[in-house]
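Subject: Structure handover

Hello,

Here is the structure I said I would pass on. My notes follow below it; please read them with the coordinates open.

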Amino acid sequence: MKIVKRHVIIFSIAMYVTAIGLFIYQQFIGKERQFAIDIEKLCKVDVNENEWKYIVLHHSATDEGNAKRFGRYHREERKWPEGLAYHFVIGNGNGSGNGEIEVGERWTKQIHGAHTANMNLNQIAIGICLVGNFEEDNKPTKNQFISLANLVDYVSKRYKIPESNVIMHNQVVQKSTACPGKNFPYKELISKIVKSQTGKTL
Ligand SMILES: [Zn+2]
């Protein structure tokens, strides 16, 4: 009787450990892999590709939002007929998925952004906006950071953009801005990209 009981306990522990393992895989490793695979597909366009030379990083300065909402604001309030100023928006779970990458029309059409005050830069700079206000207490969610790192890694390889041309909005001199906020993990992002491009996995 005692032996049977011990077996039941061991079996239960084994099942419990397996369940935790599967949960962790699904939450973290599985998702990372899924984002990595999807990015190539997401970035695919049917038109001639622009000669992108820069990547400019932004935050939305809002706690929530998505590409559709920001696009409506840019079209209706800012009066930009092309709508959404950015090429990509990465959600934080409030308004779109946590780590979800939304592709803007300016990307599918391969046209200039409207995300900096430097019009020449806008012609050749991919604009990526993370939902959130990183000038306040927040910083990007783990999923947002993973998606961002994978997206920047993919497009910088595809268009041969050196990491020195992966910049934050506040590094564009034309107009003073806090964007993407003091808590934006820029150094961490660049070191991740450099590691990936020197042959180490992301
Ligand atoms: Zn910005």
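Strand β4 (residues 125-130) is mostly covered, with six of its six residues buried. Ala125, Gly127 and Cys129 point one way from β4, while Ile126, Ile128 and Leu130 point the other way, and all are buried. Please bear in mind here and below that this is a predicted model.

β4 pairs with two other strands. Strand β1 (residues 54-59) runs parallel to β4 and is joined to it by six bridges; within that pairing, Leu57 stands opposite Ile128. β2 also pairs with β4 in the parallel sense, over three bridges, and there Ile90 is the residue opposite Leu130.

The antiparallel pairing is that of strand β2 (residues 88-92) with strand β3 (residues 98-103), which has four bridges. Asn92 has Asn98 in β3 as its bridge partner. Five residues lie between the strands of this hairpin, and Gly93 takes a positive phi near 100° there.

For orientation, the protein has six helices and five strands in total. Along the sequence they follow the pattern α-β-α-β-β-α-α-β-α-β-α. Of the 202 residues, 36% count as buried. Among contacts between residues at least 6 apart in sequence, 72% join residues at least 24 apart.

Next, the core. The largest nonpolar core has 36 residues, and Ile55, Ile128 and Val152 are those with the most contacts inside it. At least two residues of this core come from each of β1, α2 (67-76), β2, β4, α5 and α6. The element that gives the most is α5, with six residues. Leaving aside neighbours within four places in sequence, Val152 is in contact with Ile55, Val166, Leu189 and Ile193.

In α2, the buried residues include Ala67, Phe70, Gly71 and His74. These four lie on the same side of α2 because they cover an arc of only 105° around the axis. An α-helix has 3.6 residues a turn, so residues three or four places apart point the same way. The buried residues of α2 pack against β2 and β3. Arg72 and Glu76, on the other side of α2, are exposed.

Helix α6 (residues 186-197) has twelve residues and reaches 17 Å from its first C-alpha to its last, close to the 16 Å expected at 1.5 Å a residue. Buried residues in α6 include Leu189, Lys192 and Ile193. They cover an arc of only 95° around the axis, which puts them on the same side of α6. What covers the buried residues of α6 includes α5 (142-158) and β5 (166-168). The face of α6 turned away from its buried side carries Lys187 and Ser191, which are exposed. Just after α6, Gly199 takes a positive phi of about 100°.

Regards

Definitions and conventions:
Residues numbered from 1 in each chain as written. Predicted model: local features only at pLDDT ≥ 70, side-chain atom pairs only at ≥ 80, totals over all residues. Expected span 1.5 Å × (residues − 1). Buried ≥ 20, exposed ≤ 12 C-beta atoms within 10 Å, placed from the backbone. Arc of directions from axis to C-beta. Contact = placed C-beta atoms within 7 Å. Pairing = 2+ DSSP bridges. Core = buried A, V, L, I, M, F, W, Y, C linked by C-beta atoms within 7 Å.
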